[in-house]
Amino acid sequence: MSYPLFFHEEKLVASTQIRLQEDTARHIVQVLRMQAGGKLQLTDGLGNIAEVSIVAAEKKKCEVEIDTVTHRTPRSSKLHLGIAFTKSAGRNEWLLEKATELGVSSIIPIITTRTEKEKIRYDRWRSILIAALIQSQQVHLPALAMATTIDGILQRFNGVEQKIIGHCIDSEPRTPLSVMMKPKSETIVLIGPEGDFTRQEVMLCQEQGFVGVEMGRQRLRTETAAMTVCAYFNLINYEA
């Protein structure tokens, strides 16, 4: 039987009792109307999943006993999404939700020459990642990095096997995504702002081993390009 899944920030240890956060408790008791003796699951977003039993259920309080804890190993291939977010808070939040559903390992906001000056609300964004994690029944929460420059990206991901940059500059070489992206490889993908990367930024990345890709004849919005990459990566790395 599959029990309802919730996120719990603290360490999960078998045979211990814990009090759940108030918003989680409220949903369990007031929305799902679960009572003492009921079963549910908790994840810490680090791959651990606990099966627990409710021992106390009140209006704003829910205490559970952890029966068992198991660890699920992440899939062998990881996707790191480096992206220059737009000014649209709604579009950015939609991107975060869908990228999480598609199983990205990390999300890195990139500061580029043409990046819009959107304020990054890390607490809210992390809440969106957690909600998407639970909705998609996963147990590995994507890491949300601090914003960095392209130079920072190049230093941090220098050793990654597969390095890809999406751009629309006709004078610079591009390979179709379906040809370039290979399965079973740790991958870093860079998606530029609405005005695209500059030619100098693309050339800098190419000098560090990044390969330019195209995703069709249409010109895609930033979040659409990101979802194209995430969906294709998820498809070719599907592990039954």
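## Charges

The protein chain carries 29 positive and 28 negative charges, and their mean positions are 3 Å apart. Lys and Arg count as positive here, Asp and Glu as negative, while His and the chain ends are not counted. Each charge is placed at NZ of Lys, CZ of Arg, CG of Asp or CD of Glu.

## Basis of the model

This is a predicted model, in which local features need pLDDT of at least 70, side-chain atom pairs count only at pLDDT 80 or more, and totals for chains, interfaces and linings use all residues. Residues are numbered from 1 along each chain as its sequence is written, and side-chain values use heavy atoms, with hydrogens and water left out.

## Overall build

The protein chain has 7 helices and 13 strands. These are DSSP runs numbered from the N terminus: helices are H or I with at least four residues, strands E with at least two. The C-alpha trace spans about 65 × 35 × 30 Å along its principal axes.

Of the 240 residues, 45% count as buried. Buried means under 20% relative accessible area, exposed over 50%, and partly exposed in between, with a 1.4 Å probe and protein chains only. The chain exposes about 12500 Å², and carbon and sulfur atoms supply 49% of it. Areas come from the Shrake-Rupley method with a 1.4 Å probe; for residues, only the protein chains shown count as cover. Among contacts with a separation of 6 or more, 75% come from residues 24 or more positions apart. A contact means heavy atoms within 4.5 Å.

## The nonpolar core

The largest nonpolar core has 33 residues. Such a core is a set of buried Ala, Val, Leu, Ile, Met, Phe, Trp, Tyr and Cys residues joined through side-chain atoms within 4.5 Å. Leu81, Ile83, Ile107 and Ile191 touch the most other members. Elements that each supply at least two core residues include β1 (5-7), β12 (187-191) and α7 (222-236).

Leaving aside residues up to four places away in sequence, Leu81 touches several residues, among them Leu95, Ile107, Val189, Ile191 and Cys230.

## One aromatic pair

How many aromatic pairs does the rule give? The count is 1. Rings of Phe, Tyr and Trp (its six-membered ring) pair if their centres lie within 6.5 Å; planes under 30 degrees apart are stacked, over 60 edge-to-face, and the rest tilted. Phe85 and Trp125 have ring centres 4.6 Å apart and planes at 45°, so the pair is tilted.

Phe85 sits in the loop between β6 (79-83) and α2 (89-101), and Trp125 in helix α3 (residues 122-135), so the pair ties together parts 40 residues apart in sequence. Phe85 is buried at 6% relative accessibility. Trp125 is buried at 2%.

## Loops and distances

Thr16 lies in the loop between β1 and β2 (17-19). Thr16 is partly exposed, with a relative accessible area of 28%. Its C-alpha atom is 8.0 Å from that of Asp67, 51 residues apart along the chain. By contrast, the C-alpha atoms of Glu207 and Arg26, 181 residues apart along the chain, are separated by 53 Å. Glu207 lies in helix α6 (residues 199-207) and is exposed at 60% relative accessibility.

Most residues other than glycine have a negative phi. Arg33 has a positive phi near 55°, and Lys184 has one near 60°. Arg33 is in the loop between α1 (22-31) and β3 (39-43), Lys184 in the loop between α5 and β12. Arg33 is exposed at 65%. Lys184 is exposed at 72%.
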